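Please read the following briefing alongside the sequence and the coordinates.

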Amino acid sequence: MLLPVRTSDFEYALPEELIAQQPLAQRDDSRLMVANRATGSLAHHHFRDLPDHLRAGDLLVFNNSKVIPARLRARDPETGGKFEILLVRACTAADWWTMMRPGKRAPVGKRIELLDPSGQPTGTFAEVADVNAEGHRRLRLGSGDDFERISQAWGEMPLPPYIHRTAGASSPEDKARYQTVYAGPSGSVAAPTAGLHFTPDLLERLRSGLIEARFVTLHVGLGTFAPIKVDQVEDHQMHEERYTVPPETADAINRAKADRRRVVSVGTTSLRVLESVARDNAGSIVAGAGSTSIFLRPPARFSVVDALVTNFHLPRSTLLMLVSAFAAPDQAEAGRALILRAYAEAIRERYRFFSYGDAMFLT
């Protein structure tokens, strides 16, 4: 039985200047903290050194979901008031749940007009069809329209709010760099950021070092980045996110576990897919598609993933709780203590934090 955990237990103070605002010129130039879960030791390297910390036979599992340009701009055709829209979850191609600002000006029935990247009206309209308890708006387009097609034409990359850009600006660099080099199926509205450090050359080095690579797809949404707004962690409701596990990935993971080889998750999203599927299938990985709302926090048990590549996460976030749980499975306090100590050292060493920041390898 999970014990009550306070959200405030996962607070830490981060100097604002350590929040990475731009990606490094070279993806794998980012720093890599290696944290040994058994000994508690912390070591400082660069991400290009990751192959040195892997073993022949390790299986790396990546999330290959592609980020869509999910931030749109719109206006109220009656008043001229402007809206910012973040696509969150598709109901159909022309019907999405969204986060809108300012939401109070968008009641059910409000008709809005989408704007192009220069802020000009497009003649394409959407209507607010519903509002849920969290204040999210369900937007419906007219017949024949498609939100993903529109986002590709007029959208901006959905950078998190702590990365500051001019409103309406869509940087070509962000379009390239807020995306993994192996991105495939479209559907994420935030990047699976642990994968941003990999380059084609680094992936080739891994394969030549007898490291196996396989992919899952989890379309990143509110389940990953929604903040916790409650005092007791167990009161937080995770949102569902859609995933797919291909047959070749399922087979490779089951073989690795049978051979006692390590399964290394690249990112918390890949980990959540694997552990969710295993819980639903008596510890085995089964190919297929589904949705997960798994919430991993201390103390938690992990039956598939043996090591984790991840970024440095926001205070009080579900992701910080997940890595704390992974740092010391089945222990309520030790993992949190290790992670907060590692974060304190990263701050002293001037690591770069969050989406465009540096990485950690929990081994």
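E17 is exposed because its relative accessible area is 56%, where exposed means over 50%, buried under 20% and partly exposed in between, with a 1.4 Å probe and protein chains only. This residue is found in the segment before β1 (31-35), and although E17 and R350 are 333 residues apart in sequence, their C-alpha atoms are 9.3 Å apart in space. The model is a predicted one, in which local features need pLDDT of at least 70 and side-chain atom pairs count only at pLDDT 80 or more, while totals for chains, interfaces and linings use all residues. Residues are numbered from 1 along each chain as its sequence is written, and side-chain values use heavy atoms, with hydrogens and water left out.

**The segment before β1**

- P23 is also found in the segment before β1, but in contrast to the exposed E17, P23 counts as buried because its relative accessibility is 11%.
- Leaving out residues up to four places away in sequence, P23 touches E173, R177, R352 and Y356, a contact being heavy atoms within 4.5 Å.

**Overall form and composition**

- The chain contains 8 helices and 17 strands, these being DSSP runs numbered from the N terminus, with helices (H or I) of at least four residues and strands (E) of at least two.
- For 363 residues a compact globule would have a radius of gyration near 21 Å, and the 21 Å of the chain therefore agrees with that expectation; the radius is taken over C-alpha atoms, and the globule rule is 2.2 Å times the number of residues to the power 0.38.
- Taken along the principal axes, the C-alpha atoms fill a box of roughly 65 × 40 × 40 Å.
- Of the contacts in the chain with a separation of 6 or more, 70% are accounted for by residues 24 or more positions apart.

**Core, surface and charge**

- Buried residues make up 54% of the 363 residues in the chain.
- The largest nonpolar core has 69 residues, and those with the most contacts inside it are Y12, L274, I285, Y343, F353 and L362; such a core is a set of buried Ala, Val, Leu, Ile, Met, Phe, Trp, Tyr and Cys residues joined through side-chain atoms within 4.5 Å.
- L274 touches V61, V216, I253, V263, I285, V304 and V305, when residues up to four places away in sequence are not counted.
- The chain exposes about 15,500 Å², with carbon and sulfur atoms supplying 49% of that area, as computed by the Shrake-Rupley method with a 1.4 Å probe.
- There are 44 positive and 43 negative side chains, and the centres of the two sets lie 1 Å apart; Lys and Arg count as positive and Asp and Glu as negative, while His and the chain ends are not counted, and each charge is placed at NZ of Lys, CZ of Arg, CG of Asp or CD of Glu.

**E84 and its surroundings**

- E84 is found in strand β6 (residues 82-92) and counts as buried because its relative accessibility is 17%.
- Apart from residues up to four places away in sequence, E84 touches R71, L72, R73, M99, M100 and R101.
- The C-alpha atoms of E84 and R101 are separated by 5.2 Å, and these two residues are 17 residues apart along the chain.

**S284 and its surroundings**

- S284 has its place in the loop between α6 (268-280) and β15, and it counts as partly exposed because its relative accessibility is 33%.
- Leaving aside neighbours within four places in sequence, S284 is in contact with N254, V277 and A278.
- The C-alpha atoms of S284 and K257, 27 residues apart along the chain, are separated by 9.2 Å.

**Backbone geometry**

- Most residues other than glycine have a negative phi, and most peptide bonds are trans.
- The peptide bond from R101 to P102 is cis, with omega near -10 degrees, and P102 lies in the loop between β7 (95-101) and β8 (111-115).
- A cis peptide bond also joins P298 and P299, with omega about -10 degrees, and P299 is placed in the loop between β15 (288-292) and β16 (307-311).
- R260, which is not a glycine, has a positive phi of about 60 degrees; R260 lies in the loop between α5 (247-258) and β14 (263-266) and counts as exposed because its relative accessibility is 79%.
- D330 has a positive phi near 70 degrees; D330 lies in the loop between α7 (318-327) and α8 (334-348) and, at 44% relative accessibility, counts as partly exposed.
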